[in-house]
Amino acid sequence: MSAKLPLIGYNLQALEALVKDLGEPKFRAQQLHSWIYVRTQRDFDQMTNLAKSLRVKLAEKYTVGQLSLVEKQVSQDGTIKYLFGLPDGQQIESVLMYFEERDVYAVCLSTQVGCAVNCDFCATGKLGFKRNLTAGEITEQLLYIRHDSGATVRNIVFMGQGEPLLNYDNTMEALHLINRSAEIGMRHMTISTSGIVPMINKLADEKLQLTLAISLHAPDNETRQKFMPINKKYPIETLIPALHRYVDKTGRRITIEYILLAGVNDTQGHAQKLNALLKTLHCNINLIPYNPIGEEYGYQRPSREQVLAFRDWVMEGSHKVTVRIERGTDIAAACGQLQNLANITAQEKEVAVVAS
Ligand code: SAH
Ligand code: SF4
């Protein structure tokens, strides 16, 4: 028997075609669409306004989704990390975060299994690249989490495992599904990239209202190259002009992400260079104190005092500067800590658990 096809990933037009093929009236597609994307129902049999005969026909050939829950961990701060299994045995992680101050839930989605970019401070990078996720697999992470938690999710960040701009088409398809079908506004979505210049240019041309976040992490090539090999391909002198072009095309302010690694990129000199580099760019700066991924990688988070000093130095430039509050560090759910424990060796696993 061939595997059943998941319906998450079908937009309304595709569902209309499918319903037509099954010999059903068109309005059934709208009902099915609403059950899948808005009410996040995962069981055809619970879709009570569909005729029983249609529910049976659907269940013969299709499933709603295809993710299975392998593990769910709840952090002391309320963050929930979901480990999902995919039909081919691969696994991915997604994170539900609650921001009390603003009473908002946000979901962090993965776009690839592993990542080829191999930043030296990132647990996902250590896995290497396994494969791209489909648009359905990306979207389903959100729908599953909504279904499981009942949370009203307002914001989506494409900041989980993987480099979204190296899985451009599927990420864009997921983004539009989440926007049109799951009804989350473009302005509530953020894509974070390590700086894939041709794809930033392509995204700029689409003129979307989303937020683009750039993992800059250093103000000069010498420092950036130490921990981001991608900088060889897209050095700062090609990246920064692409960001100006992006702002010109979209009118949107960019978020600059800057990880703070003790003694590596956190001095006053780095802050001054950063200010000079970003002087005329329409951006906010988000400082991310390093989240440990294992002692053997040699990085450390700067002290709180150093983080605040760095923030003050950067504030001397004219940009808005925020320090990212880490979420779920106790369950290794914070930025850069996501990895699929099933994919790594027992020894590394120990390190990952210790790091959390
Ligand atoms: N691949 C994309 C998106 C996923 S990573 C990117 O690199 O932008 C999301 C963010 O977490 C990036 O800014 C990344 O640099 C940062 N990050 C990775 N490892 C980290 C770590 N150990 N501590 C803090 N931030 C980390
Ligand atoms: Fe990939 Fe982003 Fe991790 Fe770099 S920081 S290895 S681009 S997931």
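**Chatting through strands, salt bridges and a ligand**

Visitor: Which residue in strand 11 does Ser 192 stand opposite?

Guide: Ser 192 stands opposite Ala 213. Strands here are DSSP runs of E with at least two residues, helices are runs of H or I with at least four, and both are numbered from the N terminus.

Visitor: Before we go on, what kind of model is this, and how are things numbered?

Guide: It's a predicted model, where local features need pLDDT of at least 70 and side-chain atom pairs count only at pLDDT 80 or more, while totals for chains, interfaces and linings use all residues. Residues are numbered from 1 along each chain as its sequence is written, chains are lettered from A and ligands numbered from 1 in the order in which they are written, and side-chain values use heavy atoms, with hydrogens and water left out.

Visitor: Back to strand 11, then. Which way do strand 10 and strand 11 run, parallel or antiparallel?

Guide: Parallel: strand 10 (residues 189-193) is joined to strand 11 by four bridges. Two strands count as a pair if DSSP finds at least two bridges between them.

Visitor: How many residues of strand 11 are buried?

Guide: Five of the five residues in strand 11 (residues 211-215) are buried. Buried means under 20% relative accessible area, exposed means over 50%, and partly exposed is in between, using a 1.4 Å probe and protein chains only. Both faces are covered, with Thr 211, Ala 213 and Ser 215 on one side and Leu 212 and Ile 214 on the other.

Visitor: New topic! How covered is strand 5?

Guide: Mostly covered: strand 5 spans residues 91-99, and eight of those nine residues are buried.

Visitor: Which way does strand 4 run against strand 5?

Guide: Strand 4 (residues 80-85) and strand 5 run antiparallel, with six bridges joining them. As one example, Tyr 82 has Ser 94 in strand 5 as its bridge partner. The two strands make a hairpin with five residues between them, where Gly 89 takes a positive phi near 90°.

Visitor: And what about strand 5 with strand 6?

Guide: Strand 5 pairs with strand 6 (residues 104-108) too, in the antiparallel sense over five bridges. Phe 99 stands opposite Val 104 in strand 6. This hairpin has four residues between its strands, and Asp 103 sits in the turn with a positive phi of about 50°.

Visitor: Which residue does Glu 93 meet in a salt bridge?

Guide: Lys 81, at 3.7 Å from N to O. Glu 93 is in strand 5 and Lys 81 in strand 4, so the pair links parts of the chain that are 12 residues apart. Glu 93 counts as buried at 2% relative accessibility, and Lys 81 counts as buried at 7%.

Visitor: What does Arg 131 meet?

Guide: Arg 131 meets Asp 88 at 2.6 Å, N to O. Those two are 43 residues apart, with Arg 131 in strand 8 (residues 129-132) and Asp 88 in the loop between strand 4 and strand 5. Asp 88 is partly exposed, with a relative accessible area of 46%.

Visitor: And what meets Glu 257?

Guide: Arg 324 does, at 3.0 Å from N to O. Glu 257 lies in strand 12 and Arg 324 in the loop between strand 14 and helix 13, so the pair ties together parts 67 residues apart in sequence. There's also a network of salt bridges linking Glu 24, Arg 28 and Lys 57.

Visitor: Last one: where does ligand 2 sit?

Guide: Ligand 2 sits in the largest cavity. On a 1 Å grid over the protein atoms alone, a cavity is a set of points where a 1.4 Å probe fits but cannot get out. A molecule sits in one if more than half of its atoms lie within 2 Å of its grid points.

Visitor: Which residues are around ligand 2?

Guide: Among them are Cys 115, Val 117, Asn 118 and Glu 163; a residue counts as near if one of its heavy atoms lies within 4 Å. The shell divides into four nonpolar, four polar and one charged. Ala, Val, Leu, Ile, Met, Phe, Trp, Tyr, Cys and Pro count as nonpolar, Asp, Glu, Lys and Arg as charged, and the others, Gly among them, as polar.

Visitor: What about the phi of Asn 118?

Guide: Asn 118 has a positive phi of about 60° although it is not a glycine. At 38% relative accessibility, Asn 118 counts as partly exposed.

Note on methods: 1 Å grid on protein atoms, 1.4 Å probe; cavity = no way out; pocket = protein on both sides within 12 Å on 5 of 7 lines; lining within 4 Å. Salt bridge = Lys/Arg side-chain N within 4 Å of Asp/Glu carboxyl O.
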